[in-house]
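Please have your viewer ready.

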Amino acid sequence: AADAAAANGAGISVDGASATFTYANTGDKWTMNKPLDVTGAVTATGADINGALNIEEVIEKYASSTTTTGTLTFDTSASAIYYVMADMTTNRVINFTNLDSTMAVGETKTVAVVVRQGSTAYYFNNFQVDGSYGMSIQWVGGAPTSGTANSKEVYTFTFFKTGSGAFDILANLTAYE
């Protein structure tokens with residue numbers, strides 16, 4: 001074909017089974033009209049599922065650091081869990097990055113931050129989304145005002161994108177002693 005438009009509909013057709021695997025110029029993608037059964041791993045950089053998704057097992061990677069001071073930058077496009085593997089030594093700020101650019105209005109994303117606490121506990125006392133302060137967060141039981149000594153704490157945040165740079169945020173803090 002001379003170009004993508006001319007290639008539209010090209011592919012493989014199996015007579016008798018009415019099975020097709022064809023190129024679609026609209027969307028610049030491959031389409032098929034039968035289910036795909038794969039033995040082994042499938043590697044992809046993304047997936048859009050428009051229907052039910054049945055999963056037997058999920059294993060997630062997490063981001064981690066041992067930084068205990070300064071702003072914690074959480075790249076939400078790289079992982080959904082961030083584990084701070086050293087005891088907090090001061091109250092900190094979390095900056096959740098790559099939310100506005102990776103989410104559409106009407107989408108939601110949930111992330112978690114796990115922190116270790118030593119004998120003196122601290123907490124995240126301010127929050128940013130893509131570097132901006134002033135995000136309204138609704139907390140289960142109210143916003144934290146301290147940490148829990150000698151524990152691991154899990155902060156969970158659910159972001160609902162309501163507009164460009166605008167989010168409704170629900171949060172929870174749970175201490176594991």
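This is a predicted model: local features need pLDDT of at least 70, side-chain atom pairs count only at pLDDT 80 or more; totals for chains, interfaces and linings use all residues.

Residues are numbered from 1 along each chain as its sequence is written, and side-chain values use heavy atoms, with hydrogens and water left out.

The structure holds 2 salt bridges (a side-chain nitrogen of Lys or Arg within 4 Å of a carboxyl oxygen of Asp or Glu).

| Salt bridge | N to O distance |
|---|---|
| Asp87 and Arg116 | 3.3 Å |
| Asp100 and Lys161 | 2.8 Å |

The second pair joins distant parts of the chain, 61 residues apart: Asp100 sits in the loop between strand S7 (92-97) and S8, and Lys161 in strand S11 (residues 152-163). Strands here are DSSP runs (E, at least two residues), numbered from the N terminus.

How accessible are the partners? Lys161 is buried at 9% relative accessibility, whereas Asp100 is partly exposed with 25%. Asp87, at 30%, is partly exposed, and so is Arg116, at 31%. Buried means under 20% relative accessible area, exposed over 50%, and partly exposed in between (1.4 Å probe, protein chains only).

Now for the sheet. An open sheet of 3 strands runs in the order S5-S7-S9 with parallel pairing; its edge strands, S5 (72-75) and S9 (124-129), each pair on one side only. Two strands pair if DSSP finds at least two bridges between them, and S7 and S9 have 5 bridges in the parallel sense. Asn95 stands opposite Gln128 in S9.

Key
Helices (H or I, at least four residues) and strands (E, at least two) are DSSP runs, numbered from the N terminus.
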